[in-house]
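Thanks for coming. I have one structure to show today, and I will go through it by topic.

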Amino acid sequence: MSSATTVVRANRRLLRARYGRYDGGPDPLAAPVDLTEALDAIGEEVMAGSSPERAMREFLRRGGADRAGLDDLARRVAERRRDLTRKHNLDGTLQQVKELLEKAVLAERKQLARDTEMDDGDRMLAEMQLDALPASPAAAVSELGAYDWKSSEARADFEKIKDLLGREMLDQRFAGMKDALENATDEDRAAITDMMTDLNALLDAHARGEDTPEQFDEFMRKHGDYFPDNPTTIDELLDSLAQRAAAAQRMRNSMSQEQRDELDALAQQAFGSPQLMQSLSQLDGTLRALRPGENWGGSEQLDGQQGLGLGDGTGVFQDIAELDALSDQLSQSYDGSRMDDLDLDALSRQLGDEAAVDARTLQQLEKALRDSGTLKRGSDGQLKLTPKAMRQLGKALLRDVAGRLSGRQGNRDLRQAGAAGERSGATREWAFGDTEAWDVTRTITNALTRTAGEGGDTTAGIRIEIGDVEVQETEARTQACVALLVDTSFSMAMDGRWVPMKRTALALHSLITSRFRGDDLQLIAFGRHAEVMDIEQLTGLDAQYDKGTNLHHALLLANRHFRKHPNAQPVLLIVTDGEPTSHLEASGDVFFSYPPHPVTVAVAVRELDNSMRLGAQTTFFRLGEDPGLARFIDSMAKRVGGRVVAPELDDLGAAVVSSYLGSRGSGGSAGAGEDFDGMFGRGWGRWG
């Protein structure tokens, strides 16, 4: 066989490929779930002291800006359940029986009145029988069972009662049977009896452990039309039947004793066959024994206006049970709960396809958070934010900082080149004093464009003019050694400054590690004592309730950091909302006093002086409106030629980032803050 023939046959096979309709499930062409909003929300909760696991579940409950959360779905489930119980009552079958009975009796009375050939004695006796009927529908139906109907219409209506009861009793156990058996023939009733006999025999054999797959297959081949859910195993058949039977029992439990007595008496008239009730009773007993875990004992209060028949009522009770299961799944409050536990098919049945789509999106979101490397389980079994998640959070915070800085005066335009400069990829027109390298391509292109625009002949050569020259922009590469000191005292937690402090630290950390990798940042948290922390430790730090603001210890650690980097520009950034109230003694013990002790203030000032001698550019970020604190920090900043910023909490991150950029861009100039004057309005100042 030639290769060409092989290709042709292969192509024919491809052309015969068939495509089917998409049958649901996750869309294989859908875009990946966007984790940005979820990660921002989770990060905010974590920084506020929540665990990542709890923060993730809180976001899933709350939902996003454009998607429903678990709480919204749970609310709709509760509303649906409430509507079912408020809309319906359990008198539907009894009311139908009463209506058919009244219709039959009325038709019979009319026939008696217009039948002139009837014997007056017989007429009087029949009327007396009708007048003496008991008020109970079941008793009335029982008495009329032997009545000699004169009206064919009345007889037909009376027979409908027996037919209705039979169909309702079967519909309780087999959904859809009421409609399927409307106007049933004797042959139909015989087929039902045959099915019930075979079903009870199959379940009895299963209870004894003597059934076989072949027996089940034979049963389904013969009676499968009665089971539209098409169970494939006897266990699936049992589950379906038991759930329906348990719902029927809960409906019965919810009725009054009078209603139960009436229906029990009426049931004996079903199809005119007591054998049906015996078969159904045997089925219920077997199902209870094989599926004792079903809820056979519950009940509901249904007090609405719309009456439910036995079959429809059983369906409503199944819906209520399904809604209760969905409520538990949506609560996610049990041990080991996962979004995958949600029954999307049940949610679609109860609330519609849109709700199922929302829930599937939440499932995908949880899976993406767990599988994308943003959350990991630590040695203690708890979820933690990964370094990847921290980077993503930092980028989000930097975007927020950039948004707050947009429209404000930006970084200094540093025109430096040579070893201390790094090309940015951009060019600009040359200006007097520039020492950057020319961008030859752009310069020649400008000259050609200008010459051609002036009508000159470019083939004869071109002349470069000053206005044609463009130079390559560079960014400063001055290395900075940065110490960010953040107050973690009691007041920071009490006054709502905890999360803004963490957001600020994370934003600065992200900026330095992504854009200024040559800089060295150290994060120092100071409360009653000070401690160097990595960003993950600081971000996950719970609120501290020990009193004390140990600025002295924090400055000791910062100065040690500066001394390790003698060739870098020291940048000291201090975020605080209180005066120093504790210091580190020579013994290593912490001394605390409020109001601040003079010795505490003195040792803090001494270490701040040491920072100045090391060349540190210092900025204080004062939080709060305390006049005493303002005077103290102003005097500290003035002493070392530093700056004071009193931003609103929402602007704290932007203030710290801007101060860092100004300090490192100035190459150590004390006047760098001038470029940021007025950026934050009230509270921005420079001492020199």
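This is a predicted model: local features need pLDDT of at least 70, side-chain atom pairs count only at pLDDT 80 or more; totals for chains, interfaces and linings use all residues.

Residues are numbered from 1 along each chain as its sequence is written, and side-chain values use heavy atoms, with hydrogens and water left out.

The overall numbers, then. The secondary structure comes to 26 helices and 15 strands; these are DSSP runs numbered from the N terminus, helices being H or I with at least four residues and strands E with at least two. Of the 688 residues in the protein, 46% are buried. Buried means under 20% relative accessible area, exposed over 50%, and partly exposed in between, with a 1.4 Å probe and protein chains only. The accessible surface is about 35,000 Å², and carbon and sulfur atoms hold 47% of that; areas come from the Shrake-Rupley method with a 1.4 Å probe, and for residues only the protein chains shown count as cover. A contact is heavy atoms within 4.5 Å. Among contacts between residues at least 6 apart in sequence, 72% join residues at least 24 apart.

Next, salt bridges. The rule is a side-chain nitrogen of Lys or Arg within 4 Å of a carboxyl oxygen of Asp or Glu, and the count by this rule is 30. One of them joins Lys222 and Asp194, at 3.3 Å from N to O. That pair links distant parts of the chain, with Lys222 in helix 11 (residues 213-223) and Asp194 in helix 10 (residues 186-207), 28 residues apart. Lys222 is partly exposed at 44% relative accessibility, and Asp194 is partly exposed at 30%.

Asp264 and Arg252 make another salt bridge, with their closest N and O atoms 2.8 Å apart. Here Asp264 is in helix 13 (residues 257-267) and Arg252 in helix 12 (residues 234-254), twelve residues apart. Asp264 has a relative accessible area of 33%, so it is partly exposed.

For Glu322 and Arg349, the closest N and O atoms of the salt bridge are 2.4 Å apart. Glu322 lies in helix 15 (residues 310-331) and Arg349 in helix 16 (residues 344-351), so this pair ties together parts that are 27 residues apart in sequence. Arg349 counts as exposed because its relative accessibility is 52%. There is also a network in which salt bridges with shared partners join Asp163, Arg167, Asp186 and Arg189.

Now the aromatics. A pair of rings is described by the distance of the centres and the angle of the planes. Rings of Phe, Tyr and Trp (its six-membered ring) pair if their centres lie within 6.5 Å; planes under 30 degrees apart count as stacked, over 60 as edge-to-face, and the rest as tilted. How many aromatic pairs does the structure hold? There are five. In one of them, the ring centres of Tyr147 and Trp149 are 4.8 Å apart with planes at 80 degrees, so the pair is edge-to-face. Trp149 also pairs with Phe158, and this one is tilted, at 5.3 Å centre to centre and 40 degrees between the planes.

On the surface, Trp438, Val440, Ile444, Leu448, Ile462 and Ile464 form a nonpolar patch with about 510 Å² of accessible area together. Ile464 is in the loop between helix 19 (440-453) and strand 6 (470-476), and is partly exposed at 41% relative accessibility.

Phe174 lies in the loop between helix 8 (152-173) and helix 9 (177-180), with a relative accessible area of 3%. Beyond its neighbours within four places in sequence, Phe174 contacts residues including Met195, Leu199 and Leu283.

Glu607, in helix 24 (residues 598-613), is buried at 6% relative accessibility. Outside four places in sequence, Glu607 touches His552, Leu555, Leu556 and Asn559.

Gln522 sits in strand 8 (residues 520-526) and is buried at 16% relative accessibility. With neighbours within four places in sequence set aside, the contacts of Gln522 include Val482, Leu484, Val532 and His561.

Terms used
Patches are made of residues with over 30% relative accessible area and no salt bridge: like charges are joined within 9 Å, nonpolar side chains (Val, Leu, Ile, Met, Phe, Trp, Tyr) within 5 Å.
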